[in-house]
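Please open the model in a viewer and keep the selection panel at hand. The stops below proceed from one selection to the next.

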Amino acid sequence: MSNTEKEPLFSAKNLKCLTGPLSHNNPVIVQVLGICSALAVTAGLKPAFVMALSVTTVTAFSNLIMSLLRKGIPSRIRIIVQLVVIASLVILVDQVLKAYVYDVSKQLSVYVGLIITNCIIMGRVEAFALGNKPWPAFLDGIGNGIGYGMILIIIAFFRELLGAGTLWGYRIIPESWYIQNGGFYSNNGLMLLPPMALVIVGIIIWIHRSRNKDLIEK
Amino acid sequence: MKALRKYVDKIKPAFEEGGKLHALHSTFDAFETFLFVPDTVTRKGAHVRDCNDIKRVMIVVVLALLPALLFGMYNVGLQHFRSLGEAAGVMQCFWFGFLRVLPIVVVSYVVGLGIEFAAAQLRGHEVNEGFLVTGMLIPLVMPVDIPLWMVALATAFAVIIGKEVLGGTGMNIFNPALLARAFIFFSYTPCISGETVWTAGLGKGEGVIDGFSGATPLTSLGEAVTSSADIVWNNAASIKAAVSSAPMDWFLGTIPGSIGETSVVAILIGAVILLFTGVASWRTMFSVFAGGLLMGGIFNLVGGNAYLDMPAYYHLLLGGFAFGAVFMATDPVTSAQTNTGKVVVGLLIGMIAVLIRVVNPGYPEGMMLAILFMNALAPLVDHYVVAANIRRRNKRVVVAKSK
C-alpha cells in the first residue's frame, strides 16, 4: 500500500489545500461555518486578529494530530478523541493568551473556550484530516484558519472604523469631527451590535458570489 | 399639458428598442407613466381591468399623508417659537417648519429614488413606485433636528438592505420607512431620543425660556414613573404638571415629537382617505387600536404605578401609535395577507407597542419595534391561518364523503 513516489512538499495538490479555503471554499462565506464567533468577536480589529490566530493554530494542529492518529482510532469513538485533542489545544491557546495578551483574552472571554465548538475545526477534522495524510491535513487546517480569519478581519475593520472611529485602538476619525465637539459626525452604534456584523457578512457574500458566479445556487 | 405630451412623444423613439438611449428606457417609462396614464392595455388572460395601478395607489397614500405633513410643518414652527418664548402667527410657524422639513423630504426622495432608479437600470426592470410613499414616510417619522446625512444613510440602508436585496418593491420583509428609523435609532441614538431633538434649534442651545420642556409626553411620562411621581389621571392639571401637556394637546398634536406623528386629528383625516378609497385595510387599522386598548385595559386592571393606571385610550393619542396604526401597520406588503391574519397581526402590534412603552423604561416609544417585530411574524401568522383553513375544508370533504 505504500506510496513509492515521493510527492513534493508544496505540490499543486497540497497548495490547493492551502489556498482553496481562502476564496472558493471559504469556511465562513461559502461553507457558512463559524458564523457565531464571527459575529461575537469582530467589534474590534485586535480581538478579531487574536481570535483568527488562535483558530488557525487550533485547526492546523488538531488536523495534524488527528491525521497522525487516523489509522489507530476505531471510528466509533473518533468524535470523543477529536474533542479531547481539540479541547487540549484550546486550553493551551487560552493559557498562552492569558499569559501574553491578558487584556485581549479578557475581551474575548468565553469565545476562546468556545473555539472547541467552532464548527470549522470539527468539520475539517471530520471531513479532511481523517482521510488524508498529516502534511496536507496541516495545510488544510492553516488554509481554513486563514480563510476564517480573513473574513473576521474584514468585518472587524468596518465595524471598528465605523462603530468606534478607531483601528487597532488608534483613532482614525479625528475627535473634532464629532457632533459633541461641534462637528457633524457621529459613530454608528449599530455597527457595534452583532446584527450589523451579520449584514456585513451578507454583503461580503454578495460581493464574493457576484465575482464567482459558479457559487451561486440555483 | 398638450405641449408636454407632444414633447414626450417626440423623445420617445430614442428610448425604444434600437433607439440611442434604450439603456435608460426604464427611467423614461417611469416618468412617462408618472405624467400620463399609460396606453398599454392587457392583451390576453386579463384578470382585473381597472385604471388603478401601483402608482395611483401610492399617490392616494401620499395624499393621505399630506394633512400629517402640513400639520407637522406647522407644529415644528410652533414648538420652535414656544421654546424661544416668542409669539408667532400660524403662517409664520408654518413657514419656519416648511423650511426645516423640506430638506429632509428632499434628501429622502433624492437618495431613495436615486437608488431605485439605479437598481431598476442595473437589473433591466421597470422602476417601481413603492418609494413614493416610503420617501414621504421617512421624513414624517424623523425628529426635525436630525442631521441630513443620517437621513440619507438610513434611507440608503433601508432601500438597499431592506428592499432591493430582497427583490425590490413587494418583496421586502420589513417596512422600509420604519427600517430607516430603526437604523438611526440604534446607530445614532442620541440624535433621535431624549429631550432636545424634537424641537428645531433646541439641541444647538438656542435660547430656551423657563418652563419649556422639549421632551415628548412619553419621555416625560417614563421619567415621572421612574421617579415614582403620582399622577391623578382624571385631573388635567395633574397631568399637565407631570408631562407638560394635556390630553387635548395630544389629540390636536401641539406637542413635541417626530414631524408627522403628533397630530391624531391630521392622521385620522388620512385614515378616512385611506379607508374611503379602500387602499388600507380597515381590519389591520382597527385591530391595532383595539390591541392597544386591550393591553392598556389589562394594565389598568393590574395597576400599581402612574403608567399602569393611565386610561387605556390615552395610549392611542400618544407618540407614534396612531401614525403607526394608520400608515405603517397597514402596509400591504409587510402586513399579513389573509383577513384573519390581518386582525391577529394588528392586535399583536397594538398590544406589544403598549407593552414595550409601559414595561421597558429604556424605550419610551414601542410602536416602531412592535410593527417591525410583527412584520417578521406576519408570514408565520398567514401560514397558520392558511393551514387552519385547509384543515377545516379537509374535514368538510371527509364529512361529505362519509355521508
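**The two domains of chain B**

Begin with chain B, where 32 residues of domain 1 are in contact with 29 residues of domain 2; two residues are in contact if their C-beta atoms, placed from the backbone, lie within 7 Å. Select domain 1 as 25-38 + 52-191 and domain 2 as 244-390, bounds that come from an automatic or database domain assignment. The C-alpha centres of these two domains of chain B are 21 Å apart.

Next, colour α3 (54-84), α5 (131-140) and α7 (176-187) of chain B, each of which supplies at least two residues of the side of domain 1 that touches domain 2. Helices (H or I, at least four residues) and strands (E, at least two) are DSSP runs, numbered from the N terminus. With 15 residues, α3(B) gives the most to that side of domain 1. By class, this side of domain 1 of chain B has 25 nonpolar, six polar and one charged residues. Here Ala, Val, Leu, Ile, Met, Phe, Trp, Tyr, Cys and Pro count as nonpolar, Asp, Glu, Lys and Arg as charged, and the others, Gly among them, as polar.

A note on the model: it is predicted, local features need pLDDT of at least 70, side-chain atom pairs count only at pLDDT 80 or more, and totals for chains, interfaces and linings use all residues. Residues are numbered from 1 along each chain as its sequence is written, while chains are lettered from A and ligands numbered from 1 in the order in which they are written.

**The nonpolar core**

Now select L152(A), V326(B), I349(B) and I371(B), which touch the most other members of the largest nonpolar core, a set of 149 residues. Such a core consists of buried Ala, Val, Leu, Ile, Met, Phe, Trp, Tyr and Cys residues joined through C-beta atoms within 7 Å. A residue is buried if 20 or more other C-beta atoms (placed from the backbone) lie within 10 Å of its own, exposed if 12 or fewer, and partly exposed in between. Centre the view on I371(B): leaving aside residues up to four places away in sequence, I371(B) touches N175(B), L178(B), G324(B), M328(B), A329(B) and I349(B).

**An enclosed helix**

Which helix of chain B is largely enclosed by the rest of the structure? Select α8 (residues 217-226) of chain B: eight of its 10 residues are buried, so the helix is largely enclosed. Among the buried residues are P217(B), L221(B) and V225(B). The buried residues of α8(B) pack against α9 (236-243), α10 (247-252), α13 (306-309) and α16 (339-359) of chain B. Just after α8(B), S228(B) has a positive phi of about 45 degrees.

**Chain A**

Moving to chain A, one finds nine helices and two strands. Its C-alpha trace spans about 75 × 45 × 30 Å along the principal axes, and buried residues make up 35% of its 218 residues.

Select α1 (residues 12-19) and α8 (residues 134-164) of chain A, whose axes come within 6 Å and cross at roughly 30 degrees. Angles under 35 degrees count as roughly parallel, and α1(A) and α8(A) are therefore roughly parallel to each other. Among the residues making this contact are C17(A) and L18(A) of α1(A) and W135(A) and L139(A) of α8(A).

Finish at D103(A), located in helix α5 (residues 102-108) of chain A. D103(A) is exposed, with 9 other C-beta atoms within 10 Å.

Note on methods. Axes are lines fitted to C-alpha atoms, for helices over the stretch in contact, and angles run from 0 to 180 degrees between N-to-C directions. Angles under 35 degrees count as roughly parallel, over 145 as roughly antiparallel, 65 to 115 as roughly perpendicular and the rest as oblique.
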